[in-house]
Amino acid sequence: MSHQVKKLTERISLLYGVPDECCIYLLEGSEGALLVDTGFGITDIYREAETVTDLPFWVVNTHGHGDHSGGDMYCDTVYMSAEAEADVLDAINLNKTKLSAETIAEMEKNLAGSAFRPSFITEGFTFDLGDVQVETIEIPGHTAGDLAFLDRQDRVLFSGDCCVKSMDILLVVPQALTLSAYLASMKKLQERRGEFDWLCTGHDQTLMPASFVDDVVSCCEKILSGEIPGEDFELPAVFGDTKARRAAYRDFSIAYRQNRLV
Ligand SMILES: [Zn+2]
């Protein structure tokens with residue numbers, strides 16, 4: 001199995017096709033490229049990216065969840081926040097437990113000689129792709145180590161799972177911060193709305209309008225003020241505490257915990 005590739009813009013390719021996996025993006029500048037997230041690790045994503053671009057490329061993680069970072073093991077150096085490292089290492093091991101013996105054997109073969117190591121980046125770290133500069137923005141919330149990546153030339157923000165329309169925005173995962181902390185990060189993005197018109201999100205497979213950030217901010221504010229009450233729902237047992245709430249607003253939904261608002 002390998003990923004399908006779709007051109008979203010002149011510079012941005014989407015690698016997709018593995019069920020439940022994140023969107024994997026390859027952003028190409030004139031001198032270098034950036035691979036945003038690595039998927040489950042079922043395939044050697046580094047080799048696949050090499051078939052899409054002839055440019056040297058960096059690899060980044062928006063955060064450490066296994067559907068975004070499982071393929072890190074095929075890469076020598078992966079740039080991520082320090083807070084994401086433990087999640088990434090957990091994810092690689094957890095993904096292995098879910099796979100068939102045959103797939104694991106294939107992975108182990110691919111992995112022989114892997115020199116994976118995380119390289120930690122913080123707010124403002126910039127990747128120079130030649131005619132494109134990509135800036136790192138810290139947006140903790142969905143996890144403590146969430147990063148967004150801003151391509152100022154194309155006015156696109158790679159937002160990971162912090163803004164997603166095709167599934168719940170998840171603040172119920174064990175690594176999530178409070179709704180208020182998440183809202184602070186979304187307001188930070190809102191303050192920079194003048195710098196981007198589009199989002200490449202963690203799971204939507206299409207460019208999303210940047211106004212989505214405004215809707216997310218409004219939704220969180222309305223939950224905190226009580227204007228949107230939300231509805232109880234039960235999470236699967238794997239989440240530990242199964243009690244959660246869901247609020248729908250405009251054309252998206254967010255799952256959160258009533259005891260983790262502030
Ligand atoms: Zn996630």
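Buried means under 20% relative accessible area, exposed over 50%, and partly exposed in between (1.4 Å probe, protein chains only). This is a predicted model: local features need pLDDT of at least 70, side-chain atom pairs count only at pLDDT 80 or more, and totals for chains, interfaces and linings use all residues. Residues are numbered from 1 along each chain as its sequence is written, and side-chain values use heavy atoms, with hydrogens and water left out.

Q: What makes His-63, His-65, His-142 and Asp-161 donors of the zinc ion?
A: Donors are N, O and S atoms within 2.8 Å of the metal (3.2 Å for Na, K and Ca); water is not among the atoms, so sites may look incomplete. Here NE2 of His-63, ND1 of His-65, NE2 of His-142 and OD of Asp-161 lie 2.2 to 2.3 Å from the zinc ion. Their spacing along the chain is H-x1-H-x76-H-x18-D.

Q: Why is the site of the zinc ion called irregular?
A: Four donors count as tetrahedral if all angles lie between 85 and 135 degrees; four count as square planar and six as octahedral if opposite donors are over 155 degrees apart and all others between 65 and 115; anything else is irregular. The angles among the four donor atoms run from 88 to 168°, and the site is irregular.

Q: Are His-65 and Asp-161 buried or exposed?
A: Both His-65 and Asp-161 are buried.

Q: What makes β12 and β17 a pair?
A: Two strands pair if DSSP finds at least two bridges between them. β12 and β17 (residues 252-256) have two bridges, in the parallel sense. Leu-170 has Ala-255 in β17 as its bridge partner.

Definitions and conventions
Helices (H or I, at least four residues) and strands (E, at least two) are DSSP runs, numbered from the N terminus.
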